[in-house]
Structures are given as C-alpha cells and as structure tokens.
Amino acid sequence: MSYLDVIDTLQSVADGVLFGATYSLLGIGFTLVFGVMHKINLSYAAASIGAAYASLIVLSVVKAPAIFIFLLAGLAGGIIGFMIYVVCFRFIPQANPLATLMSTVGALLLIDEIIVHATVGIPVPYPALFSDVIVNAGPFTLRGDLMFMFALGCLSMLLLLVLLYRTKLGIATRAVAQQPVAAQLCGISIPRINGLTFVITGVVGGIAGAMIGAAIGVLSPLLSLPLTTKGLIVTVIGGLGSIPGAIIAGLLVGGFENLFQYFRGVTERDLYVMLLLFGFLVFRPGGIFSPAAGRD
Amino acid sequence: MLELKGLSKHFGGVRAVDGLDLRVPRGEVFGLIGPNGSGKSTVVNLVCGLFPVTAGEVLLRDEDITGLASHVRVARGVTRTFQNIRLFGQLSVWQNLWVAQNSTEHRSEGFLRRWLGGPGRAREEIDRILEFSDLSGKRDELAGNLAFGEQRRLELARAVVAKPALLLLDEPAAGMNAEEIDQLDARIRKLKQDGLTTLLIEHHMELVMAVTDRIAVLNFGQKIAEGTPDEVQTNPLVQQAYLGVAEAA
Amino acid sequence: MDFYLGLAQIVGVHTLLGLSAYCVLLTGQVSLAQAGFFAIGAYVAAMLTVLAGWHIVPAIAAASFVAGATACAVSFPALRVKGLMLVVATLAFGEAVRLFFFNFDYQVAKGEVKIGPAGGEGFRQIRFFPENGWSTLDVLIFIWLFVALVMAGLWWMDRSRAGAVLRAVGEDEVAAQSAGINVTAVKVAAMTVGGFIAGLGGGIFAHYTAHIEHAQFGVALATFAIAYPILGGLSSVFGTLIAVVFVQGFLIEGLRFLGDWRNLLFGGLILLAMNVRPRGLIDAATIAAVKRMRTSNKEPGNARTQGAE
C-alpha cells in the first residue's frame with residue numbers, strides 16, 4: 001500500500017466519521033425511545049426525513065437565511081414526533097409490543113407516501129451550508145459542509161445531554177426509564193413523559209434529517225428505509241438505551257462504512273456493515289459500553 | 001429428596017443466599033420461612049434452575065443437578081409455582097396444563113404423537129387434575145380471564161401435572177382469603193398423601209405451622225434455625241429475626 | 001380474468017410468506033429475516049430449474065430445505081438475543097442475504113445467451129412454466145395446492161400440543177421453562193419451519209414472476225411478512241390469509257382507482273387497525289365467540305374441550 005493509498009483511506013474514513021454524526025443522532029432517537037418505553041419506533045428515520053421536507057416547505061413560504069432550516073427541521077421533527085406518539089403508542093396497550101411495532105410501520109409507510117405524494121416522487125434538492133469552504137490540513141481536505149454538520153451534530157448531542165442530566169425534565173425522563181412504577185408514585189405522569197420523549201427525539205431526528213439532506217444534497221423518501229436500518233444498527237452496537245454508546249457507534253459505523261466502500265466498492269459496502277453488526281451481536285451483545293450483558 | 005450443600009448466590013455485593021445447607025427428606029412438606037429479603041425466593045430460583053449458583057451444589061435424589069437447565073430439571077421431577085402468578089394468559093386453562101405435561105413418562109410417548117397428536121391419554125389426566133384444582137368448569141376459559149384465586153389454583157395444577165417428585169411452592173397463599181387458604185392446605189396434604197415432597201415458602205404462618213413437617217428459617221441468606229413447627233416457634237433466634245425486622249421497618 | 005388469476009397468485013405466495021412469519025411470531029420473536037429466506041428459496045429454486053434443468057417440484061422442495069437449514073443455522077446465534085436486538089439481528093441478516101444476491105454473479109452460456117443470476121441486474125429467463133406449457137390457471141392451482149398444504153399443516157399444528165407450546169413460549173419464556181419446555185429448541189424449531197415455508201414461497205415466486213432481483217427482497221418485503229400475521233391476528237392461520245387478501249386484494253388492487261391516494265390510505269389503515277384491534281383482526285376473543293356460536297348451534301351443554309375437537 002503506497003503512501004497515497006493510506007492518505008486516501010484515511011481521507012474517506014474521516015469523511016465517513018463526519019457523516020456518522022447523523023447516524024449518531026438517529027441512534028440516540030431510537031435508543032431514547034427504547035430506554036423510556038421499551039418500544040421500537042420504526043417510523044423514526046422516516047419522520048426525520050419528513051421533518052427535513054417540512055422545513056423546506058416552510059422555507060419556501062417564508063424568506064429566511066438557510067441556517068434556519070436546521071431549527072425549522074428540529075421544530076417540525078418535534079411536532080411530527082408528538083403526532084407519532086399519539087397515533088402509534090398512546091392508545092395501544094403497553095403490554096402488546098407487536099401492535100406498536102406494526103403501528104410504527106404503518107406510520108413509516110404513511111410518512112413516506114405523504115412525501116411521495118407531495119413531491120410526485122422526485123428527489124428535492126436540499127441547501128448545503130458552507131459547501132464552498134474547503135479546509136486543507138496537510139494532505140487531507142475537509143469539506144466545510146461536513147464539518148459544519150459534524151459540529152452541529154455535536155452541539156445537539158451536547159444540548160441533549162444537558163437536558164437529560166441537568167434539568168428536572170431530564171431527571172423525570174430518566175426516572176421513568178429506570179423505574180416506571182416508582183416514578184409514577186413520585187407524581188410523574190408517564191404518558192406526559194413518554195410524549196415529551198417523542199418530542200425530544202423528534203427534534204433530534206429533525207435536525208438529523210436536515211443534516212442528511214444537506215450532506216447528500218437531495219432529499220428522497222427512498223432514504224428512509226436504509227436510514228432506519230442504519231439507525232437500528234447504531235442503536236444495537238451502541239448498546240440499547242445508552243446515549244454515549246449511540247454517539248460512538250454512529251461515528252464508528254460512518255467511518256467503517258466509508259472504509260468498506262473504499263476497499264470493496266459501494267455495492268458490497270453495506271454487506272460488511274451487516275457483518276460488523278453480527279460480530280457485535282455475537283461477541284458483545286450488550287453493545288460498546290455493555291451496561292449489563294444479556295438484557296433485552 | 002433434595003439436598004443443598006453450601007449453596008450461595010451473590011448479586012453484585014449482595015449475598016442473597018450464603019452457604020445454605022438443607023436436607024428435605026422424601027415425602028415431607030418442608031417449610032422455608034424468613035423475613036422479607038431473606039433469600040427464600042432465591043433458593044427456589046436456584047433449585048429450579050432459573051439462576052446459576054455462585055457456589056455450592058443442588059442434589060436431587062443424591063444426583064447433582066446444579067448445572068442443569070430448568071426444563072431438564074422439570075423432567076427430573078422438580079416443578080414450581082411463582083410468587084407473582086405467571087400463567088400463559090392467552091391460552092385456555094386446558095392448554096396451560098397440556099403444555100406443562102413434561103415428565104419422563106410423557107416424553108416416552110414418541111415425538112410425533114406427543115407434539116402433533118391429539119390430547120389422547122393426556123386428557124384423562126388433565127381432567128383429573130382440573131377436578132383436584134376445582135377448575136373443571138373453567139377448562140376452556142382463557143387463563144388470563146380467571147379470577148385471582150382460580151389463577152393461583154391453575155398455577156398449582158400446572159406444577160402438579162408434570163408429575164413432579166419435588167414441588168416448590170413460592171408463597172402460594174399470597175393474596176388469598178381464609179377459605180382459599182384452607183383449600184390450599186387440603187390440597188398440599190392431599191399431594192403429600194400421594195407421596196410428593198414439597199418445599200413451601202410462605203409468609204402465612206398459620207398455614208406453614210399447620211401443614212409442614214419441618215421448617216427452616218432464613219435470615220440474610222443464612223439458615224438461623226431448623227426443626228419441627230413447635231421447635232421453631234419457640235426458638236428465640238427466630239423471634240429476634242422477625243422482631244428485629246419489625247423494628248427496622 | 002387474467003387479472004384476477006394474477007392477483008390470486010400474488011395472494012397465494014404472500015400467504016406463504018406471511019405464514020412463515022406466523023410460525024416465528026407465535027414464539028414471541030419478531031423476525032425480519034423472512035424476506036431473506038424467501039430470497040434464498042427463490043434463487044435456489046430458479047437456479048435448479050434454469051441451470052440444472054430440474055423439474056419444479058424437486059427444485060422448490062430443495063429450495064425449501066436450503067432455506068430451512070439456513071434459518072436453523074442462523075437462529076442459533078440470533079436467538080442469543082431477543083426483543084429489539086433480535087429485530088435488528090434478523091433485519092441485518094435479511095439485508096446481508098439481499099446484498100449477497102446483489103453481488104452474486106453466476107452466469108452460464110446456453111446457446112447464444114448467458115443465463116443465470118447476474119448481480120444487480122437480477123436473474124432473468126426463469127421460464128419453467130411457459131417452457132412446459134402451463135397455463136396461468138395451472139400455475140394458480142399449483143400455487144394454491146402448496147398454500148392449502150401449508151395452511152392445513154399449520155392449522156393442525158395449532159390445535160396440537162405443539163401449537164400450545166409455541167404460544168406458551170411466546171407469552172412467558174420463564175414460565176415456559178419452568179413448565180419443562182426447552183425454550184431454545186422450540187424457538188429454533190419455529191425459525192426452521194418458518195424458513196422452510198418462506199423458502200417454499202420464494203421458490204414459487206421466482207417461477208411465476210420469471211425475473212427476480214435483489215431489490216424485491218428488501219426490508220419492505222420483510223415488513224410485509226410480519227405485517228400479515230400481526231394484522232390478521234396470531235390466533236389462527238386464517239387471520240394471516242384474511243390479512244393478505246385484505247392488503248393485496250383490497251388495499252393494493254381494489255383501491256387502485258384512488259391512484260396516488262391509495263398508498264396514503266395504506267399506512268393510515270394499518271395505524272387504524274392497530275389502534276382498534278391491537279391483537280389483530282382475529283384474536284382469541286373472536287375464536288372463543290365462534291366456538292360459543294358453534295357449540296350453541298349443537299346440542300346445548302355439550303362442553304367439548306378445545307383440544308378434543
């Protein structure tokens with residue numbers, strides 16, 4: 001392997017890690033909902049893409065600087081998140097995991113179809129920020145849009161951690177995640193916390209959706225299924241319910257993805273990501289930070 | 001029948017069961033009592049194989065069963081009930097019992113007949129046990145729709161239908177009224193007549209004192225006393241253990 | 001007429017797919033790998049008839065066995081985990097299978113053309129039916145023969161002890177274990193049978209579509225596989241059949257006149273169905289009601305047991 005190959009490899013891994021920030025955000029969304037409700041929300045990635053679309057619509061009506069698109073996407077994500085909670089979880093018995101699994105599939109299909117319907121199935125260009133900025137660091141080039149994305153991702157994660165660990169709301173949320181019955185006895189309303197969790201994860205997802213749109217340059221409903229898969233993989237590799245795990249796993253998957261792509265081509269890339277996941281499931285089923293082995 | 005040698009189970013730093021030695025003679029109803037958190041339920045979970053032991057041995061008929069999986073122990077003749085009833089709620093009463101027919105005798109029926117055949121001779125046996133448990137009229141009811149006392153009876157029936165040699169009852173009287181406890185008492189005696197060995201864990205002292213042959217008292221995972229009901233009742237250590245807890249609470 | 005025959009073919013194959021997930025769901029496991037087993041069945045059967053020149057019956061039988069064996073092998077590591085972890089593990093397996101066929105290139109020159117699976121382009125020229133002069137009706141009867149066989153088999157199993165045991169494991173693994181059931185063996189068996197049925201469906205699917213490619217076996221198909229039994233209810237195999245007819249016949253074909261709006265309705269109706277009937281269209285209560293109706297039609301007081309019927 002020549003010097004240039006090494007540089008190229010590192011370059012693509014670095015790009016992958018930067019893009020991986022979006023996977024981290026998606027992973028956090030899955031993991032938070034699982035942590036609080038012990039349920040899977042399969043419509044999450046679709047909702048995130050949907051929020052990015054919604055931000056575009058708002059931006060086309062109201063004239064505003066492009067930076068607002070991320071805030072708008074977050075806002076839309078929060079609203080969609082709450083709607084998903086109401087239609088998929090609120091009125092379905094908790095004890096029936098299959099029903100909520102299926103209802104979120106229904107929501108996934110519904111969101112995808114609404115997008116297809118509204119856009120006549122044509123991918124929509126998404127504004128990228130700082131795409132003209134290119135930083136040269138030695139032999140490496142760092143794309144401005146990816147760096148901005150990464151920074152934004154880190155910022156949202158930081159805010160989320162502050163929210164969860166430093167505010168009363170966050171403490172209540174974590175109380176519900178750990179001991180729902182005890183939390184209820186302390187006067188915490190579980191439906192309200194569950195709903196709030198969906199709003200919070202929705203905001204995070206909306207930002208992730210906007211970041212994905214900005215990084216790829218277009219939005220398409222075709223993104224939602226692969227992103228669902230990636231988000232779930234990140235959740236499992238990071239360890240169910242572990243936010244730091246999801247963050248690291250997202251960056252890891254992003255980096256490995258580009259590494260595999262560099263060596264084996266785009267058609268085989270995901271095959272190796274799946275194998276990576278299998279490795280984790282067999283050797284480290286508890287995820288990176290394994291809080292307790294063998295829990296489900 | 002059952003012998004525990006130096007049985008220990010630690011959860012992190014908590015020694016739920018700590019070096020317990022116990023012999024349950026064949027054909028007896030053996031009581032295991034102790035304050036809340038003294039490790040009684042853990043003993044049941046260790047004997048039936050739900051938890052792996054930290055140290056020590058579980059012997060059944062002088063054979064070491066310590067490393068065996070739960071379902072293998074059932075085939076060897078150890079069945080149990082749960083403190084917080086765990087029935088198959090979406091199955092009928094009848095099916096709950098059919099599923100649990102897992103003794104060696106049942107296993108010898110032949111694979112296809114046993115799994116894909118009709119109820120066959122299982123039927124008489126289940127009908128008998130339904131009668132024993134006073135559930136004959138409920139056989140097609142979903143287990144989840146039964147009243148609380150009926151669910152308790154069905155759990156006992158499910159443990160008995162596998163033709164065990166050793167029955168582990170984990171607080172079978174919890175939540176029952178006086179009449180139901182009397183019926184439970186009668187059932188335990190009837191099972192004893194049939195030659196069954198029972199390890200009974202119970203808080204309801206009247207029942208324990210009435211029905212058991214011997215009693216062991218646990219506190220903080222260790223045996224502090226053992227003897228006949230009368231001996232245990234008058235043992236100062238036992239009174240102290242219970243009173244001590246009462247003061248702390 | 002041909003339209004309805006074609007629709008009935010689709011319904012038949014999807015019923016097999018749904019029933020394969022039904023077996024696994026009974027044990028409380030959500031497997032998104034069924035599309036993968038379906039794909040294995042499709043490719044194996046098609047390669048056997050096209051490249052090896054087998055008759056279709058041994059070809060789909062062999063394909064089912066390959067898919068069943070794969071399912072059995074996969075279930076051992078996969079069943080170490082449960083819940084969400086299993087969903088993701090099986091999803092990853094299904095995707096890995098799809099991506100394998102995406103990259104799978106094995107073409108043989110036959111005369112002037114090359115035939116066989118060609119990676120991303122898929123596997124064309126699966127012409128067993130036209131080559132042997134089977135009419136659409138013949139194919140339809142062929143498909144439903146297998147559907148009927150599988151349904152009868154599962155229906156029988158449901159009423160035997162095996163059915164009760166599968167459901168017991170699905171309800172409470174700890175209690176099942178304590179009732180003497182080897183939970184791992186039961187789950188592996190369910191996965192194997194599920195894989196076998198999915199392989200059967202895949203083998204048939206490959207031959208009536210005549211062209212298979214990786215994109216047909218994606219996450220969407222895996223989701224449909226579990227959607228049928230969940231929507232239909234896990235209390236009876238007929239629930240799955242009804243759900244397939246409802247989804248494929250009514251939602252996808254019947255509402256075609258709605259154009260674009262049909263797809264919107266689809267997701268919305270799933271949502272509605274789960275809110276209104278969380279245990280599926282046919283649940284335990286429905287079965288009990290039907291039973292009561294039947295017994296009251298017979299002589300009153302005839303208390304026959306469920307197992308004895």
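## A first look at chains A, B and C

Helix α1 of chain B lies across strands β1, β2 and β4 (55-60) of chain B, and the helix runs at about 65 degrees to β2(B). That is a handy place to start looking around this predicted model. Chain B holds an open sheet of four strands and an open sheet of six, and α1(B) also lies across strands of the second, including β3 and β7. Elsewhere, two pairs of chains are in contact, and chains A and C share the most contacts.

**The four-stranded sheet of chain B**

- The strand order in this open sheet is β2-β1-β4-β5, and the pairing is antiparallel.
- Why does one side of β2(B) and of β5(B) lack a neighbour in the sheet? Both β2 and β5 (63-64) of chain B stand at the edges with a single partner strand each, so one side of each is left open in this way.
- Strands β1 (residues 2-11) and β2 (residues 14-24) of chain B run antiparallel and are joined by seven bridges.
- β1(B) and β2(B) make up a hairpin, with two residues between the strands. In the turn sits Gly12(B), which has a positive phi of about 60 degrees.

**The six-stranded sheet of chain B**

- Reading across this open sheet, the order is β6-β7-β8-β3-β9-β10, and the pairing is mixed.
- The edge positions belong to β6 (78-80) and β10 (222-227) of chain B; each has a single partner strand, so one side of each has no neighbour in the sheet.
- From one strand to the next, the twist averages 20 degrees.
- Within the sheet, β3 (residues 29-33) and β8 (residues 197-201) of chain B run parallel, and four bridges join them. Leu32(B) has Ile201(B) as its bridge partner in β8(B).
- Helix α8 (residues 178-193) of chain B packs on this sheet, where it touches β3, β7 and β8 of chain B. The direction of α8(B) makes about 155 degrees with that of β8(B).
- Helix α1 (residues 40-48) of chain B lies across β3, β6, β7 (166-170), β8 and β9 (214-219) of chain B, and runs at about 145 degrees to β7(B).

**Confidence in chain B**

- The average pLDDT of chain B is 85, and 96% of the residues score at least 70.
- Where in chain B is confidence lowest, and where is it highest? The lowest mean, 65, belongs to helix α11 (residues 236-248) of chain B, and the highest, 92, to β8(B).

**Chain A on its own**

- Chain A contains 11 helices and four strands.
- Its radius of gyration is 19 Å, close to the 19 Å that the globule rule gives for 296 residues, so chain A is as compact as a globular protein of that length.
- The C-alpha trace of chain A spans about 65 × 50 × 35 Å along its principal axes.
- Buried residues make up 51% of the 296 residues of chain A.
- Among the contacts in chain A with a separation of 6 or more, 75% are between residues 24 or more positions apart.

**Where chains A and C meet**

- Chains A and C share the most contacts; 39 residues of chain A and 38 residues of chain C take part.
- On the side of chain A that touches chain C, the elements giving two or more residues are α3 (68-90), α4 (97-119), α9 (224-238) and α11 (266-283) of chain A.
- Which element provides the largest share of that side of chain A? It is α4(A), with 13 residues.
- The side of chain A that touches chain C has 29 nonpolar, six polar and four charged residues.

**Where chains C and B meet**

- Here 24 residues of chain C contact 31 residues of chain B.
- Helices α6 (136-159), α7 (161-171) and α8 (173-178) of chain C each give two or more residues to the side that touches chain B.
- α7(C) gives the most to that side, with seven residues.
- By class, the side of chain C that touches chain B has 12 nonpolar, eight polar and four charged residues.
- Chains A and B, by contrast, are joined by no contact, and their closest C-alpha atoms lie 12 Å apart.

Notes
Residues are numbered from 1 along each chain as its sequence is written. Chains are lettered from A and ligands numbered from 1 in the order in which they are written. This is a predicted model: local features need pLDDT of at least 70, side-chain atom pairs count only at pLDDT 80 or more; totals for chains, interfaces and linings use all residues. Two strands pair if DSSP finds at least two bridges between them. Axes are lines fitted to C-alpha atoms, for helices over the stretch in contact, and angles run from 0 to 180 degrees between N-to-C directions. Two residues are in contact if their C-beta atoms, placed from the backbone, lie within 7 Å. Ala, Val, Leu, Ile, Met, Phe, Trp, Tyr, Cys and Pro count as nonpolar, Asp, Glu, Lys and Arg as charged, and the others, Gly among them, as polar. The radius of gyration is taken over C-alpha atoms; the globule rule is 2.2 Å times the number of residues to the power 0.38. A residue is buried if 20 or more other C-beta atoms lie within 10 Å of its own, exposed if 12 or fewer, and partly exposed in between; C-beta atoms are placed from the backbone. pLDDT is the predictor's confidence in each residue, from 0 to 100.
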